[in-house]
Amino acid sequence: MSVLTRDEAQTRAQLIDVHRYAIELDLTGGDETFDSRTLIRFGARTDGDTFVEVKPAELRSVTLDGQPLDPDTLDGNRLPLTHLTAGEHELRVHARMRYSRTGEGMHRFTDPTDGETYVYTQLFLDDVQRVFAAFDQPDLKAVFELSVKAPAGWTVLANGITEHTGDGLWKAAETPLIPTYLVAVAAGPWHSVRTEHRGLPFGLHCRRSLAPHLDADAEELLDIMRACFDRYHEKFDEPYPFDSYDQAFVPEFNAGAMENPGLVTFRDEFVYRSAVTDTERQTRAMVIAHEMAHMWFGDLVTLRWWDDIWLNESFAEYMGYQTLTEATRFTDTWTDFGVTRKAWGYDADQRPSTHPVAPEAVDDTASALLNFDGISYAKGASALRQLVAWLGEKDFLAGINTHFTRHKFANATLADFIDSLAAATDRDVHAWAEAWLRTTGVDTLTPHLAPGEHGICALTVDRAGSRPHRIAVGLYDRDLGDDGGQLVLRDRVHLDLPQDGSQPVGKRPALLLLNDGDLSYAKVRFDPESFETVRKDLSGLPAPLTRAVVWNALRDAVRDGELAPGAYLETARAHLPLETDLAVVQGVLAFASAQIAGRYTVPEERPAALATLTELCRDLIRRTEDGDHPGLRLIAVRHRIDAAAHPDTIAAWLADGTVPGGPELDPELRWRVLARLAVLGATDEAAIAAELERDPSATGQEGAARCRAALPDPEAKARAWEAMFVSDELSNYLFTATARGFWQPEQADLVRAYVPRYFADAVAVAARRGPAIAEAAGTWAFPAHAVDTGTLRLGRECLRDADPIPALRRRLVDQLDDLERALRVQGAGEE
């Protein structure tokens, strides 16, 4: 299959203008394939040759202006259209298309709970070709008419309001001008909750087996939708541009959600069937706000080519967090952003695969797909937050609204957006864009305090990097009251970097914190006295966002080899039991578990690290016995399970169905315990089968797959490997579940022989099954526990000799860089 290059897209856009698609899909033809008929009306500006993309199981017929074309001319995914004459044309394509089990194209899923089947499309970035023929590039926007024949009892959802016209035939209202990758269909016996807001139909949809769980949260979800919708209409001059707003929670979805206009698809793990924390509810709300922002950023105004994905994702990310803070009960979203999303950006930006937020050129669609990462989301959103701090929100919103007015229902570039901003301010936004959007890497800011006369200190900040920053500097003194250990904010000084001279800050503070408030994107360091204050009094800082900045600084110091992993664990052991913010607790425990205990600690010291984590979680569990902090308790219980080095306690929880004092073990916790017992060799196939009978849901199937792969048994490992890399029968979700169970640090000797096998087998399965499985194989099936030079050597040989497809190559580059970093950190810890 050929990927589309930027040059090819530009050439085709100069030749043709696409007006309208009429698409007919027949979903009644069996489990493997569906029927697809496409009529494309387009115009050619001059005589010339071009092509249309389609990836059929069978290309049945093609006509151009009533004349048949030979289906055998299809070359991979390209059907040549030669000798076009200037003027209007009609292309008709009839094909049989394959359903997907990997979340790409038209994904088909049968719910193991009740046997009901659902299908939905995910056409991003170039998978529309798996569903219907198209001129598949974002700047050839068109009107779409869609009709779908579905089995009896199904409901069909689409970008526009759908109507059942009889005999299983559904017709969707035609769309405004949208790009091909945003066309959406979701069909099945959906459970739906419908309402209206400001005259617009709103809908929530999920599998029937999840109906009670959706109903329980429906009002919360609709309240968030209404609040964000209203707030966006206060911010933006352009009204919501589509005829309805549906949210479909769909199974085995690869992303968090997809911004299809009028029909946003979400992974249906967001329909919670087990207990979750309020921070997890906030995350779901943020995704809702993010996707709704896309209705303007990406759907109304669309990028011209994939080098400007930040115009979609960075803006939706920033707007999602900011609007949630302004319009809902979730008023502290930037703390969670700082702990989780920002760390994602920092990590991505320090790998060899880093790229600018707005790269100068993305050569083809395969390269573009790799850039949907922590840079395009988290770093880009951080850059926009810094832009707002520097520009002011009034001018920022004025520039955005100018951008929408100039380019609505059309396409735009970085230059277009910067010109719109420049029209709203006297600031040099072009220079800002060059410094922030065209560069890579993370600046590091280090403070220096020099004592002066009368005890007045002068602050200078060393900046390793080249970007300008507008930051706040927090000056904290110790509270000398009865409580002790508390830090109080004396002052917050605003500083522009690079500095023009030093900044007087008064008497020496106990803690000087750069980037307090987290308004910029940079790693920060501490002066020696401030670092000692952090070690002793971190939990005494008054604001969760301030504590998040400090924890991020400690995290960066570990990753950079400047703070021993054990010292981070000691700090967590001292201060996390006193933490009140759920996002901070979850973020610190996740890093401590996955990275400190899992990779940065040498194997012989891992038991001690797990013991520290266990004690930390016990402290949190004891602290929450009064029932006042259920979210905190749930986080502690989850991590206590994951850190268990001995089975007795968690096996007793499973047998009793509850943690003493709560919570009761819901399906998520039961599978979590069973997975850990499998790792420890304290359960067996019979127990897994019994649990699956108790919970035969899709999530239960994934839990069972993970547990079976985690059993410390050679036959279990062989079966899991066969399922992942040989049989090709696993769906995307079951592949991931199996991979997550397979590698375990406690089983390093048992799986040692599979480490060299991984590289050849991952390359082969990625080539056969495509980018989604490549992503899963590179992310979850990689032997991340094997932190040694042999793994590093094997990986480098694979990159040099095996030619993995781009999606896998990118994952391997990142994994090997993380592995090399872990080796350095382990070495620094030994020193």
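The lining of the second largest cavity comprises 5 nonpolar, 2 polar and 4 charged residues, where Ala, Val, Leu, Ile, Met, Phe, Trp, Tyr, Cys and Pro count as nonpolar, Asp, Glu, Lys and Arg as charged, and the others, Gly among them, as polar. The model is a predicted one, in which local features need pLDDT of at least 70, side-chain atom pairs count only at pLDDT 80 or more, and totals for chains, interfaces and linings use all residues. Residues are numbered from 1 along each chain as its sequence is written, and side-chain values use heavy atoms, with hydrogens and water left out.

The volume of this second largest cavity is about 60 Å³. A cavity is a set of points, on a 1 Å grid over the protein atoms alone, where a 1.4 Å probe fits but cannot get out, and lining residues have an atom within 4 Å of a point. Grid points are joined across faces, edges and corners, and a volume is the space filled by probe spheres set on the points. The lining residues include Lys342, Tyr346, Asp518, Lys523 and Asp556. Two or more lining residues come from each of α5 (333-349), β28 (523-524) and α12 (544-559), with α12 giving the largest share, 4 residues. Helices (H or I, at least four residues) and strands (E, at least two) are DSSP runs, numbered from the N terminus.

In total, 4 cavities of 30 Å³ or more are counted. The elements giving two or more residues to its lining are β20 (301-303), α4 (310-327) and α8 (393-407). By class, 9 residues of the lining of the largest cavity are nonpolar and 4 are polar, with no charged residues.

Pockets were treated on the same grid, a pocket being an open set with protein on both sides within 12 Å along at least five of seven lines. The second largest pocket has a volume of about 500 Å³. Of its 27 lining residues, Pro603, Pro745, Ala748, His785 and Ala786 are the closest to the centre. At least two lining residues are supplied by each of α14 (582-600), α15 (606-623), α23 (754-769) and α25 (789-801). The lining of this pocket has 15 nonpolar, 5 polar and 7 charged residues.

Strand β28 also belongs to an open sheet of 4 strands, with the order β26-β23-β22-β28 and mixed pairing; two strands pair if DSSP finds at least two bridges between them. Because β26 (503-506) and β28 stand at the edges with a single partner strand each, one side of each is without a neighbour in the sheet. Strands β22 (residues 444-451) and β23 (residues 457-464) run antiparallel and are joined by 8 bridges. His448 has Thr460 in β23 as its bridge partner.

For Cys707, which is in no disulfide, the nearest cysteine sulfur is that of Cys617, 20 Å away. Cys707 is buried at 0% relative accessibility, and Cys228 is likewise buried, with a relative accessible area of 0%. Buried means under 20% relative accessible area, exposed over 50%, and partly exposed in between (1.4 Å probe, protein chains only).

Arg811, in helix α26 (residues 806-830), is buried with a relative accessible area of 16%. Apart from neighbours within four places in sequence, Arg811 is in contact (heavy atoms within 4.5 Å) with Glu775, Gly778 and Thr779.

Conventions
A disulfide is a pair of cysteine sulfur atoms within 2.5 Å.
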